[in-house]
Amino acid sequence: MPPLTQLYINGRFVPSSTGETFEVRNPYSGEVVGLSSSASSADCKAAIDAASEAFKTWEHSTLNQRRDILLKAADLIQSDKYRTKVGQSIQEETAAATYWGNFNWALTSNFLRTQAGTIDQLRGEIYPSGSVPGAQVITQRRAMGVIFGVAPWNAPFVLSLRAIVVPILCGNTTVLKSSEYSPRSQSIVVELFEEAGLPAGVVNFISMSQESAPTLTAEIIAHPAVRCINFTGSDRVGKIIAMEAAKYLKPCVLELGGKAPAIVLNDANISEAAKAIVSSSMSHSGQICMATARVIVQSGVADRLISEVKSLSKNLHAGDVLNDESVALGALFTEGSAKNAISVIKDAQANGAELILGDVVSKGAVLQPHLLRNVKPGMQLWDRETFAPVLVFAVFETIDEAVEMANASDYSLSASLWSGDVYAAQSIAARVHSGYININGPTVHSEPSDGLVGLGGASGYGRFHIEDFTDKRVIICHPVGRKLPLVG
């Protein structure tokens with residue numbers, strides 16, 4: 001019998017109130033690897049009510065109490081128990097290779113400790129009024145209330161943590177919705193925090209079938225107790241979330257898609273650049289929002305870089321990561337995703353792109369690495385996120401051309417720039433419209449203290465910071481005897 005993932009409401013794992021479940025299948029084999037309770041409207045309301053009730057006390061918990069729970073979770077996650085549980089569930093649910101499950105697990109302890117260290121930002125400040133003599137101004141960062149978080153399947157454990165950690169550190173309570181593709185991997189988050197001593201109701205976990213998700217998500221956003229929404233996923237769904245939230249003027253934090261450019265200059269270390277480009281474009285079969293998708297290379301080193309990237313990519317094969325250790329890349333998350341990638345590759349070829357590597361064929365959800373040259377803005381393969389092991393090359397002559405091509409995108413999440421002159425590179429990097437740009441490093445890198453969200457457009461906005469999950473409140477203490485208009 002496949003394992004069952006239940007809902008987690010008010011500190012208890014519970015089935016759906018209707019008894020409904022849905023199947024979770026491995027993308028490669030199609031085998032059922034789990035069942036998940038499918039939340040009803042009543043279950044969603046119960047989760048919000050539990051969070052709303054818990055907020056009454058959690059908002060007034062001490063800063064040290066919140067910090068210590070995060071630090072306790074950081075200690076717990078380092079155990080072999082959680083390493084095995086996280087790795088196994090991610091591999092079974094998402095067909096991820098072993099290294100990707102370990103990567104998800106390994107990131108979390110440092111992330112939790114970093115966020116715990118930001119607790120001092122909640123202390124506020126006192127200063128004299130600038131307009132009323134003798135008045136004192138007190139400013140505080142105060143919790144909003146119930147935060148609704150939606151986390152995706154591609155990095156299910158670490159991104160589920162990110163959806164709730166800063167909100168609860170700020171004194172909010174949360175309702176976390178999982179992806180229908182990875183509920184077991186994401187439910188481990190609530191197990192971790194329960195063991196760390198988080199009070200009941202502060203974190204609630206719901207999963208739901210793909211069919212019921214649009215209606216129930218809209219109901220959750222509309223609930224008066226829900227004060228803010230954070231969502232990580234595609235720009236298509238992000239727009240729907242934002243439109244629902246806009247009906248009630250509720251703020252959102254949205255980390256959406258990416259089409260990360262890697263700019264490689266003539267003076268770059270080509271071998272190092274090639275390795276970073278292949279790692280960032282092919283890891284998890286390209287199913288990472290920060291994946292390198294567009295290589296913009298100066299003409300003097302273009303042929304050498306393309307040759308080295310091709311050589312490295314040829315050694316990577318996609319297939320059955322569960323049973324064949326020689327396979328580095330797993331299947332894409334659905335067969336439809338693989339077919340879509342093939343479609344945009346063929347569209348690029350029809351418009352003049354040159355195929356460097358790949359057979360332009362998918363087998364079920366499996367797609368082998370593909371490289372193409374002469375891809376340009378206006379082609380689907382340049383303009384839209386592929387979320388597949390597909391990498392394109394464009395050649396430039398001048399720095400102005402490189403910057404223009406890098407910025408020829410609706411996405412603004414991550415980028416990289418390769419040059420032997422770090423100081424000149426910093427000047428160029430400042431011209432690239434990207435939330436993150438790594439000089440002489442991979443596009444798949446962000447700092448836990450700064451978060452990762454784009455600069456608008458198809459990459460979204462907000463940074464999962466304390467400022468995003470608190471209201472700045474101002475208290476002004478007026479002096480006795482202040483003269484007022486009309487009454488003196």
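The model described here is a predicted one.

S4 is joined to strand S5 (residues 32-37) by 5 bridges, and these two strands run antiparallel. Within this pairing, Val 24 has Gly 34 in S5 as its bridge partner.

Is strand S13 (residues 260-264) mostly covered or mostly open? It is mostly covered, since 5 of its 5 residues are buried. Ala 260, Ala 262 and Val 264 point one way from S13, while Pro 261 and Ile 263 point the other way, and the residues of both groups are buried. A general rule lies behind this arrangement: in a regular strand the side chains alternate between the two faces of the sheet.

S13 runs parallel to S14, to which it is joined by 5 bridges, and Pro 261 stands opposite Arg 294 in S14. To get from S13 to S14, the chain passes through helix H9 (residues 270-282), and this β-α-β crossover is right-handed. S13 also runs parallel to S20, with 3 bridges joining the two, and here the bridge partner of Ile 263 is Leu 417 in S20.

Thr 292 has its place in strand S14 (residues 292-298). This residue is buried, because its relative accessible area is 2%, and a residue counts as buried under 20%. Which residues is Thr 292 in contact with, leaving aside its neighbours within four places in sequence? They are Ala 260, Ala 262, Ile 277, Ser 280, Ser 281, Leu 391 and Thr 443.

## From S20 to S21

Strand S20 (residues 414-418) pairs with S21 in the parallel sense over 4 bridges, and in this pairing Leu 417 stands opposite Ile 439 in S21. Together with helix H14 (residues 422-429), S20 and S21 make a β-α-β unit that is right-handed.

## How helix H7 is covered

In helix H7 (residues 213-222), the buried residues are Ala 213, Leu 216, Thr 217, Ala 218, Ile 220 and Ile 221. What covers these buried residues includes helices as well as strands: among them are helix H1 (41-58) and helix H8 (235-246), together with strand S8 (146-150), strand S9 (173-177), strand S10 (203-206) and strand S11 (226-232).

## Salt bridges

The model has a count of 18 salt bridges. In general terms, side chains of opposite charge can pair when their charged atoms come close. One of these bridges joins Asp 235 and Arg 384, whose closest N and O atoms are 3.0 Å apart. Asp 235 lies in helix H8 and Arg 384 in the loop between helix H12 (380-383) and strand S19 (390-396), so this pair ties together parts that are 149 residues apart in sequence. Asp 235 is buried, with a relative accessible area of 5%, while Arg 384 counts as partly exposed at 36%.

Arg 67 is partly exposed at 27% relative accessibility, and Asp 68 is partly exposed at 38%. The side chains of Glu 335 and Lys 339 also meet in a salt bridge, at 3.4 Å, N to O. These two residues are 4 residues apart in helix H11 (residues 335-350), and therefore they are separated by about one helical turn. Glu 335 counts as partly exposed, with 41% relative accessibility.

## A nonpolar patch on the surface

Leu 484, Leu 486 and Val 487 form a nonpolar patch on the surface, and together they have about 390 Å² of accessible area. Val 487 is found in the segment after strand S23 (470-477). With a relative accessible area of 67%, Val 487 is exposed, because a value over 50% counts as exposed.

Methods: Residues are numbered from 1 along each chain as its sequence is written. This is a predicted model: local features need pLDDT of at least 70, side-chain atom pairs count only at pLDDT 80 or more; totals for chains, interfaces and linings use all residues. Side-chain values use heavy atoms; hydrogens and water are left out. Two strands pair if DSSP finds at least two bridges between them. A crossover is right-handed if, with the strands pointing away from the viewer, the path from the first strand over the helix to the second runs clockwise. Buried means under 20% relative accessible area, exposed over 50%, partly exposed in between (1.4 Å probe, protein chains only). Contact means heavy atoms within 4.5 Å. Patches are made of residues with over 30% relative accessible area and no salt bridge: like charges are joined within 9 Å, nonpolar side chains (Val, Leu, Ile, Met, Phe, Trp, Tyr) within 5 Å. Accessible areas come from the Shrake-Rupley method with a 1.4 Å probe; for residues, only the protein chains shown count as cover. A salt bridge is a side-chain nitrogen of Lys or Arg within 4 Å of a carboxyl oxygen of Asp or Glu.
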